[in-house]
Amino acid sequence: MKKLSLLYLLLALIFSCTAPPKKESPPNIIFILADDLGYGDLKAFHPNSKISTPHLDRLAAEGMIFTDAHTTSAVCTPSRYALLTGRYNWRTSLKEGVLTGESQALIPKERTTVASMLKSKGYETAFIGKWHLGMNWGLKVDSIEQVGKGYAADFSLVDFSKPVKNGPTVLGFDYSYALPASLDMAPYVYVENDQVTQIPNRETIDEGEYSWWRKGPTSPDFIHEEVTPNFFKRTIQYIQSQSGQDKPFFLYLALPSPHTPILPKEEWQGKSGLLPYADFVMMIDDYIGQVNRALAEAGLEENTLLIFSSDNGCAPAAGFTQLVEMGHLPSAQFRGHKADIYEGGHRVPFIAKWPRQIQAGSSAGETVSLVDFFATAAELSGYEVGENEGEDSYSLLPLLLGNTPSGEFREATVFHSVNGTFAIRKGDWKLILAPGSGGWSYPRPNDPVSKDLPELQLFNLASDPGETTNLEAEQTEKVEELKSLLAKYIQQGRSTPGAPQANDPFEGEWGQVWFMEK
């Protein structure tokens, strides 16, 4: 009998040693996207920042920072499109500028998004915050063609009691609590799961220097000063609700701040010793600390990938010039700000924390983009990306795990300004396909001085991060190389390896691709 017992014990030990290892559960994913936060606003990226951000600094210390991270565009709608689709924004019909609160949906329901992809792999998905990708309002008329300019002017033809169509829930989010566009763009309503929470009953406007918002219909439950705190409160409640759940979750928190209107709560007003913008950043930083704490208290911190970034650089409306005069550089050592094709327009802070996998206090210097989130989420979840999905997205997972690539992480990266100006970056070299900023800093598009400037700008960012010395005349071969590569990316409908794809239909003249005709 003892021999049999010993035999069973031996067999049990053998099988326990040879059994396949338990499969790691996929991580929860939270992406927090700030609005108009500059690269130089966080001490983790710019030690000389004059804004106190202890919670974001702690997040950086507990995770990994990317020092060369970018948005695809220097303004918000395009960057948000790329983040969710893994596709450059200029492949859509939106060739410049941003959408407004009344704009039709930019992403067709057939397009795979990070949310629909993760949902197909068993994730619970939620969106909270500023959408700004268009949604189709219910109307008092039969078709959008009957609306005309009155729709955009006063919303008189919108029936707010009708469900919204083609919003976040159509694109893969199980739950959605959305601000339609920016916090300074009407209508001022919350849309929860395709339905306005309360019908607008008044119009509001603010004309303050930093607190301004445009006149427009406003719901009884919509208080501008409470919007950012409301989004964070709901985020923390969502995290708490996920404690003990079997399914992983994806939460996309898209903040409307520190974009205008700049509305720090009373207890934060004046705290920075700078301008209201800096107070607002400090308030957001405190809320980030609360989110981090909520994850720990819910027992979710260890296997949650938490990413924090911004949709573009700091805006002039934040008091950019005054902040610089006060010794705070929102773009750090880089040239320009929001809307510009220069680095200050699209280089952003990017922090990733995942205690189970990411080494605390680590950093990555590869050139990455928010467009890469799609492929990253795909690899994390085991999703096989199709030829017509994530056409411009590279997975960040190897970098997150500390695996340094043998060569360049990606062949090249493309950027876009508010007026649709292109730039392409390969290695240290950046080619701008315009004579000026393509945005709101000097020299602006159509500025008379631009007529006397070269039509192209080439900078070596390793030796000239401030983009001060144009080398296009001396480096003609590099100019031609980058022009050809950008033209190839545009024509093939993708910048990743794979079968060529079609860009979206566009009616009109795409003036920003003038360089392809020369």
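These are my notebook entries on a predicted model.

**Entry 1: nonpolar cores**

I started with the nonpolar cores. The largest one has 118 residues, and Phe31, Phe250 and Tyr252 touch the most other members. Helix α7, residues 276-297, supplies the largest share of this core, with 12 residues. Apart from it I found another core of 22 residues, including Ala412, Ile424, Trp429 and Tyr489. I noted the general rule beside this: in soluble globular proteins, nonpolar side chains tend to be buried together.

Next I looked up what phenylalanine 250 is in contact with, leaving aside neighbours within four places in sequence. Among the residues listed are Ile29, Phe31, Val114, Leu118, Tyr123, Phe173 and Phe373. Glu124 and Thr125 are also in contact with phenylalanine 250.

**Entry 2: helix α10**

How many of the nine residues of α10 are buried? Eight are, so the helix, residues 373-381, is largely enclosed by the rest of the structure. Just after α10 I came to glycine 382, which takes a positive phi of about 80°.

**Entry 3: salt bridges**

I searched the whole structure for salt bridges and got 26. The general idea is that side chains of opposite charge can pair when their charged atoms come close.

Arginine 80 forms a salt bridge with aspartate 35, and their closest N and O atoms are 3.6 Å apart. Arginine 80 is in helix α3 (residues 76-85) and aspartate 35 is in the loop between β1 (28-34) and α2 (54-62), so the pair ties together parts 45 residues apart in sequence. Is arginine 80 buried or exposed? Arginine 80 has a relative accessible area of 0%, so I put it down as buried. Aspartate 35 is buried too, with a relative accessible area of 0%.

In the second pair, the side chains of lysine 353 and glutamate 301 meet at 2.5 Å, N to O. Lysine 353 sits in strand β12 (residues 350-353), while glutamate 301 sits in the loop between α7 and β11 (304-310), 52 residues apart. Lysine 353 counts as buried at 3% relative accessibility. Glutamate 301 has a relative accessible area of 23%, so I wrote it down as partly exposed.

Aspartate 372 lies in the loop between β14 (368-369) and α10, and arginine 410 in the loop between α11 (397-400) and β15 (413-416), so parts 38 residues apart in sequence are tied together. Aspartate 372 is buried, with a relative accessible area of 0%, and arginine 410 counts as buried at 4%.

I also found one network in which salt bridges that share partners join Asp68, Glu343, Arg347, Arg425, Lys430 and Glu467.

**Entry 4: a four-stranded sheet**

Which strands form the open sheet, and in what order? I read the order as β15-β16-β17-β18, with antiparallel pairing. β15 and β18 (457-460) stand at the edges with a single partner strand each, so one side of each has no neighbour in the sheet. On average, neighbouring strands are turned by 20° against each other, direction ignored.

I then took β17 (residues 429-432) and β18, which pair over four bridges. Tryptophan 429 has asparagine 460 in β18 as its bridge partner. Last, I looked at helix α12, residues 476-492, which lies across β15, β16 (422-426), β17 and β18. Helix α12 runs at about 110° to β16.

Note on methods:
Residues are numbered from 1 along each chain as its sequence is written. This is a predicted model: local features need pLDDT of at least 70, side-chain atom pairs count only at pLDDT 80 or more; totals for chains, interfaces and linings use all residues. Side-chain values use heavy atoms; hydrogens and water are left out. Buried means under 20% relative accessible area, exposed over 50%, partly exposed in between (1.4 Å probe, protein chains only). Helices (H or I, at least four residues) and strands (E, at least two) are DSSP runs, numbered from the N terminus. A nonpolar core is a set of buried Ala, Val, Leu, Ile, Met, Phe, Trp, Tyr and Cys residues joined through side-chain atoms within 4.5 Å. Contact means heavy atoms within 4.5 Å. A salt bridge is a side-chain nitrogen of Lys or Arg within 4 Å of a carboxyl oxygen of Asp or Glu. Two strands pair if DSSP finds at least two bridges between them. Axes are lines fitted to C-alpha atoms, for helices over the stretch in contact, and angles run from 0 to 180 degrees between N-to-C directions.
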